[in-house]
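This briefing is meant to be read beside the sequence and the coordinates. Please keep both in view while going through the topics below.

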Number of protein chains: 2
Amino acid sequence: MTEKVVGVLGGMGPEATLSFYGKLLANTPAQRDQDHLRVVIDSNPKVPDRTAALLGEGESPLPMMAAGLEALERAGADFVVIPCVSAHGFLDELRAHTRLPVLSVLDVAAEEVARHRPALRTVGLLGTTGTVESGRFQRTLAAAGVATVVPDRQDQHRVMSAIYSIKGAGAEAAREEARRSVAGVGERLVKAGAEGIVLGCTELPLVVSARDMSVPLFDVVLILARAAIAAAGREPRAREKA
Amino acid sequence: MTEKVVGVLGGMGPEATLSFYGKLLANTPAQRDQDHLRVVIDSNPKVPDRTAALLGEGESPLPMMAAGLEALERAGADFVVIPCVSAHGFLDELRAHTRLPVLSVLDVAAEEVARHRPALRTVGLLGTTGTVESGRFQRTLAAAGVATVVPDRQDQHRVMSAIYSIKGAGAEAAREEARRSVAGVGERLVKAGAEGIVLGCTELPLVVSARDMSVPLFDVVLILARAAIAAAGREPRAREKA
């Protein structure tokens, strides 16, 4: 029994964590309950808004995320994943706070994107304003040899509004509008040179899918789920299950 | 802040826990992340098969479930729900093991069914062989004034096979066969006098839905999710979201 226990610092937002957990199960080869991995999830949606904090406009989410890491440690997790890209703006502080390894979604996403070089050299990044302005995702992609284009100010505002709208879990109509809006921004990034689109916020794959884009799409939730299965010591299903 | 932290002793099976978590989110009134409840989940699919143990044919799941309760306590849960009906065959031992209150799915399901009296006096129970043979669900329903009919030996075997097939997470064809098989057993219970059907195993709502039955259906996963929201101190959404 060398399988590791997956710890999920979740709830940011909760539906993204639900989707992560679903993709983790769907991508684990299993014929019965006992073939699945043990997963411990702290879904704490009370964590203050990550983007507001990254922009210096809101309460720090760090104390509550740190408490979540402690809860996961005590519950028996062997390593941690965080299905919230914006939260990775605090990755250094989070890593300093726990003895558990934290698997960075930025690292595993950049690695996955880089596997498509040299055909793909430039990606468009769709994420929260906190993620885009902090620049950490772009630097991680650059270190993996991939250039990034990001939306202009007005389009970034559209993406952020769409993300809050998805979190609102409101009417289907609002989700459909969010999907269209994000797809439009994505296509403008393609015109600006993007050969692929990174859905760099865990809320976006809840509404946007490959058929919304004319170029390959990278779903950070799916990538993180498959990376977590591998980090736990298992081979993910050969065929991706979104 | 009087909201309680929901602890989920999960993974039995993991897809049922995923579904429970999804129904909990869908039935929580929320406009943004922070409106949702904190939920701590120990999804441990390694817990030995509950039915085998209840029939005296397999390893006890108690030690691993007890360890899960300890993990939830340490992680900060205020009370516990178990989205596995068969596991409730061990409810007394589990309650003796933890200082946390455990909300019984049998109690909340019986309460929900009883709300439909006197129009509904008899329900058909579809569950694992462990659940049906232990008789605990039937006694809880009887205490709430509701009579129960259960499948005959051959039909019970069909239900159990369907449940293992759902857990197998195999081809869509296998799920479709499971759905048809369970629906057929349900209809035979209706002929035997059932005025409603209790999907008394958390795997069954993954494939069977209201349109498969000619009488009202009680989904224990949905009932438990809404009861957990209420136990945490919140009013579930007025309209059920399956």
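Between them, chain B and chain A bury about 3100 Å², and 49% of that area lies on carbon and sulfur atoms. The model is a predicted one, and every value given here is computed from it. The contact between the chains involves 40 residues of chain B and 40 residues of chain A.

**The interface between the chains**

- On the side of chain B, Tyr21(B), Asp33(B) and Lys46(B) supply 21% of the area that this chain buries against chain A, which is more than any other three residues supply.

- The domain assignment divides chain A into domain 1, made of residues 6–104 together with 223–231, and domain 2, made of residues 106–219.
- The centres of these two domains of chain A, taken over C-alpha atoms, are separated by 20 Å, and the contact between the domains takes 25 residues from domain 1 and 25 residues from domain 2.
- About 1900 Å² is buried between domain 1 and domain 2 of chain A, with carbon and sulfur atoms giving 55% of it.
- Of the area that domain 1 of chain A buries against domain 2, 33% is supplied by Val85(A), Ser104(A) and Ile223(A), more than by any other three residues.

- Helix α9 of chain B covers residues 172–191, and its 20 residues reach 29 Å from the first C-alpha to the last, close to the 28 Å expected at 1.5 Å a residue.
- The buried residues of α9(B) are Arg175(B), Ala178(B), Val182(B), Ala183(B), Val185(B), Gly186(B) and Leu189(B).
- Because the buried residues of α9(B) fall within an arc of 165° when seen down the axis, they line one face of the helix.
- On the other side of α9(B), the exposed residues are Ala173(B), Glu177(B), Arg180(B) and Lys191(B).
- The cover over the buried residues of α9(B) includes α1 (14–26), β5 (122–126), β6 (147–149), α8 (153–167) and β7 (196–199) of chain B.
- Just after α9(B), Gly193(B) takes a positive phi of about 115°.
- Gln156(B) is found in helix α8 of chain B, and because its relative accessibility of 7% is under 20%, Gln156(B) counts as buried.
- Leaving aside residues up to four places away in sequence, Gln156(B) touches Gly127(B), Thr128(B), Thr129(B), Val132(B) and Pro151(B).

**Cysteines**

- Over all chains, the structure holds zero disulfides.
- Cys84(A) is in no disulfide, and the nearest cysteine sulfur, that of Cys201(A), is 6.9 Å away; Cys84(A) is buried, with a relative accessible area of 5%.
- Cys84(B) is in no disulfide either, the nearest cysteine sulfur being that of Cys201(B), 6.9 Å away, and Cys84(B) is buried with a relative accessible area of 5%.

**An exposed loop position in chain A**

- Ala119(A) has its place in the loop between α5 (105–114) and β5 (122–126) of chain A, and at 67% relative accessibility Ala119(A) counts as exposed.
- Although Ala119(A) and Glu195(A) are 76 residues apart along the chain, their C-alpha atoms are separated by 8.4 Å.

How values were computed. Residues numbered from 1 in each chain as written. Chains lettered and ligands numbered in written order. Predicted model: local features only at pLDDT ≥ 70, side-chain atom pairs only at ≥ 80, totals over all residues. Heavy atoms only, no water. Disulfide = S-S within 2.5 Å. Buried < 20%, exposed > 50% of the residue type's maximum accessible area, 1.4 Å probe, protein only. Helix = DSSP H or I, 4+ residues; strand = E, 2+ residues; numbered from the N terminus. Expected span 1.5 Å × (residues − 1). Arc of directions from axis to C-beta. Contact = heavy atoms within 4.5 Å. Domains from an automatic or database assignment. Buried area = accessible area lost by both parts, 1.4 Å probe.
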